[in-house]
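Dear colleague,

Please read the notes alongside the coordinates.

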Amino acid sequence: MSDFEMIKTTRDGPVLTITLNRPERLNACPPQMADEIFTAIRDLGDARAVLMRGEGRAFCSGADLAANAEMSVSGGDRAFASLSQHYNPMVQALAALPVPVVSMVQGPAAGVGCSIALAADFVLSGKSGYFLQAFVNIGLVPDGGSSWMLPRLIGTAQATRMMMLGEKIHGEEAERIGLIYKCVEDDALASEAEALVNKLANGPTVALGQMKRTLRDGLQADFPATLASEANGQRIAGSTQDAVEGAMAFLQKRKAEFKGA
């Protein structure tokens with residue numbers, strides 16, 4: 001693992017955990033943190049699932065405007081450069097990972113922190129967790145891919161509400177409207193997230209990666225293109241050792257033991 005200043009990375013078997021580690025700033029994410037997340041997921045190695053979490057009482061409170069006050073009042077060009085060079089590559093790489101990603105949200109997931117959380121395949125929140133598009137309050141527009149993700153997750157009306165009114169969506173409501181996978185009691189959040197990410201890490205990794213690809217491609221492709229994408233994914237997954245193991249386990253009436261290959 002690389003040495004980082006703003007995140008921590010740990011490996012537990014097939015699970016890579018990335019912890020946003022600026023609790024004194026509610027894990028606010030300056031460009032350096034975005035770059036460190038990018039590096040951590042680029043060096044995935046043989047990890048078969050990723051857990052994203054925040055240290056302390058927040059997931060991520062957004063970009064660190066207090067630490068970058070000069071940039072925040074210096075016009076749009078610097079913000080454009082920061083997004084293009086740091087945040088956008090990180091969120092895109094996170095969403096495109098060929099293994100499942102789980103995000104565990106306690107406290108705020110605000111601004112670009114909301115985007116980081118929602119880029120995961122599964123988002124779990126405690127009841128104290130909330131999701132906030134705070135940009136309207138400072139005269140800016142949503143970024144980090146939220147303008148693409150939100151209407152696809154919750155529809156245009158609710159996305160417009162989050163973006164233009166800047167309302168907090170707490171964990172229970174987030175589950176109800178389909179923004180996230182699940183909301184649980186705060187004291188159960190860590191155990192639920194760990195159980196889920198370990199289940200995914202011990203699944204048929206290649207097949208799960210192909211599911212991710214076809215799901216995301218299908219949001220933009222027509223029906224015939226999606227059928228072709230599924231067929232190609234089936235060809236790739238069907239050529240793995242895990243597919244053989246799955247078939248044998250089915251015939252032998254036992255639980256499959258997938259190895260990720």
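In this predicted model, the count of disulfides comes to 0, the requirement being a pair of cysteine sulfur atoms within 2.5 Å. Cysteine 60 takes part in no disulfide, and the nearest cysteine sulfur, which belongs to cysteine 29, is 5.1 Å away. Cysteine 60 is also buried, its relative accessible area being 0%. For cysteine 183, the closest cysteine sulfur is that of cysteine 114, and because the two sulfurs are 15 Å apart, they are too far from each other for a bond. Cysteine 183 likewise counts as buried, with a relative accessibility of 12%.

Turning to the serines, serine 103 is part of strand S4, which covers residues 101–105, and is buried at a relative accessible area of 0%. The side chain of serine 103 comes to 2.9 Å from the backbone oxygen of alanine 117.

Serine 146 belongs to helix H5, which is made up of residues 146–165, and counts as buried with a relative accessibility of 0%. With neighbours within four places in sequence again left out, serine 146 is in contact with Ser115, Gln133 and Pro151.

Notes:
Residues numbered from 1 in each chain as written. Predicted model: local features only at pLDDT ≥ 70, side-chain atom pairs only at ≥ 80, totals over all residues. Heavy atoms only, no water. Buried < 20%, exposed > 50% of the residue type's maximum accessible area, 1.4 Å probe, protein only. Helix = DSSP H or I, 4+ residues; strand = E, 2+ residues; numbered from the N terminus. Polar contact = N/O pair within 3.5 Å; in protein donor to acceptor, adjacent residues only side chain to side chain. Contact = heavy atoms within 4.5 Å.
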